[in-house]
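Subject: Structure for you to look at

Hello,

Here is the structure I said I would pass on. Please open it first, then read the notes below it.

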Amino acid sequence: MDFEPWWLIFVPVLFALGWLAARFDIRQMLRETRSLPDSYFRGLNFLLNEEPDRAIDAFVEVAKLDPETTELHFALGSLFRRRGEMERAIRVHQSLLSRSDLPAAEREHAQHELAQDFLKAGMLDRAESGFEQLKDTRYALPALRSLIRIFESEHDWPRAIEAVKTLQGLVDEPVPQIVHYYCEQAQTALSAKPADVDAAHKALDAADHALSTTDPAAGKGAMVRTAMLRARLALMEQDPKRERLYLESVMTDAPEFAGLVAEQLLANYRAANQVEAGLDFLQKQYQRHASLDLFNVVFRELRVQQGSVVAWAFARGALRSHPSLLGLDRLLEAELANPDAGAEQGPVPGADLTLLRSLIHKHTQRLDRYACRSCGFQARRFYWQCPGCNAWETYAPRRLEELE
């Protein structure tokens with residue numbers, strides 16, 4: 001293509017247009033800067049000087065002077081919520097919602113933020129109402145997850161189950177805790193006076209159905225809990241064979257949970273006058289999958305059936321294979337609780353046992369706990385749902401010493 005000299009006319013024109021555009025941008029920026037309140041710059045200065053409290057006060061003043069600054073309102077509200085100043089966070093978001101000129105998208109945002117404020121403040125009824133209003137908005141998914149948390153905290157298991165089913169209809173992801181919701185229903189039915197056996201059966205059937213759609217590795221704890229509740233139900237229905245079947249299935253399919261069912265399984269054998277067979281079964285289970293809780297049950301039963309010499313021989317062998325201060329502490333506790341049980345005398349005099357146990361016990365108290373893998377919350381009893389972070393199946397069925 002040939003060059004035409006008259007094209008050079010466009011060069012100064014384009015330069016002039018660029019110069020005018022730059023002048024316009026600079027003037028616009030200067031006008032916006034002059035329109036900002038002094039409090040805005042004071043707040044920035046406080047932030048740069050690492051004075052967050054004074055910066056917040058300055059930004060609050062900006063928000064009061066210029067109600068159009070919705071993003072600043074949202075930022076302040078979130079900041080107040082993180083700092084635990086729930087009353088101030090609620091007031092900020094309520095002031096946004098009171099504006100008639102607020103666009104629909106920002107109104108939904110403010111409604112979601114306000115519902116989160118209520119949830120963190122423990123005002124569950126108002127939080128529930130707030131999240132319910134977001135079902136047909138772009139915040140439907142996070143609102144539904146929050147509603148599930150609320151129903152959990154209120155132990156409203158039927159509504160929690162319905163909410164999870166709705167969630168599964170929106171996203172293609174497993175929600176394994178629904179099995180525990182059914183187990184909670186079954187446990188409530190079994191704890192009623194009188195026990196509602198039919199309701200328990202119905203809830204456990206639903207739990208089994210939910211388990212069939214869950215990854216076996218992810219739902220092992222839920223499977224164990226369902227089997228334990230089935231065993232408890234069989235015991236109430238005076239069906240010891242079925243009870244034993246469920247308890248032994250835990251030993252076989254999830255041996256790490258054996259300590260949770262060992263006592264009940266031994267009681268089942270004792271009721272059938274087969275206590276020696278029950279003890280033999282637990283000893284073999286311990287040889288295959290040693291655990292502290294199983295050790296405690298086997299040691300105590302050996303001492304009752306065969307005397308302290310045999311029990312201590314088992315304990316020495318077990319502690320050589322799996323050294324444990326907690327194990328030693330437990331067997332000393334059992335020995336001191338029954339000093340006259342059995343015909344034989346223990347290997348250590350009673351006074352020395354008391355001294356030895358008192359020294360060991362001081363060091364084992366912090367180890368004699370279960371711990372949440374998610375938040376680290378520690379407890380003396382085993383929980384299916386962590387009391388600290390409310391996560392499901394985060395407790396390993398082993399004591400802290402066994403996890404170290």
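**The pocket and helix H8**

In this predicted model, helix H8 supplies 6 residues to the lining of the largest pocket, the largest share. The pocket holds about 330 Å³ of space. Its lining has 18 residues, and those closest to the pocket's centre are Arg145, Ile148, Arg149, Glu152 and Asn390. By class, the lining consists of 10 nonpolar, 4 polar and 4 charged residues.

**H8 and its two partners**

Two packed helices are described by the angle between their axes and the distance between the axes.

Take H7 (residues 124-132) and H8 (residues 140-153): their axes come within 9 Å and cross at roughly 150°. Angles over 145 degrees count as roughly antiparallel, so H7 is roughly antiparallel to H8. On the H7 side, the contact is made by Leu124, Ala127, Glu128, Phe131 and Glu132, and on the H8 side the residues include Ala143, Leu147 and Ile150. This contact of H7 with H8 has 7 nonpolar, 2 polar and 2 charged residues. The crossing of H7 and H8 is left-handed.

What about H8 and H9 (residues 157-170): at roughly what angle do their axes cross? The angle is roughly 160°, and the axes come within 9 Å. H8 is therefore roughly antiparallel to H9. H8 also passes H9 in a left-handed crossing. Among the residues that meet here are Leu141, Leu144 and Phe151 of H8 and Trp157, Ala160 and Leu167 of H9. The contact of H8 with H9 divides into 10 nonpolar, 1 polar and 3 charged residues.

Regards

Conventions:
Residues are numbered from 1 along each chain as its sequence is written. This is a predicted model: local features need pLDDT of at least 70, side-chain atom pairs count only at pLDDT 80 or more; totals for chains, interfaces and linings use all residues. Side-chain values use heavy atoms; hydrogens and water are left out. Axes are lines fitted to C-alpha atoms, for helices over the stretch in contact, and angles run from 0 to 180 degrees between N-to-C directions. Helices (H or I, at least four residues) and strands (E, at least two) are DSSP runs, numbered from the N terminus. Angles under 35 degrees count as roughly parallel, over 145 as roughly antiparallel, 65 to 115 as roughly perpendicular and the rest as oblique. A crossing is left-handed if the near helix is turned anticlockwise from the far one by less than a right angle, and right-handed if clockwise. Contact means heavy atoms within 4.5 Å. Ala, Val, Leu, Ile, Met, Phe, Trp, Tyr, Cys and Pro count as nonpolar, Asp, Glu, Lys and Arg as charged, and the others, Gly among them, as polar. On a 1 Å grid over the protein atoms alone, a cavity is a set of points where a 1.4 Å probe fits but cannot get out, and a pocket is an open set with protein on both sides within 12 Å along at least five of seven lines; lining residues have an atom within 4 Å of a point. Grid points are joined across faces, edges and corners, and a volume is the space filled by probe spheres set on the points.
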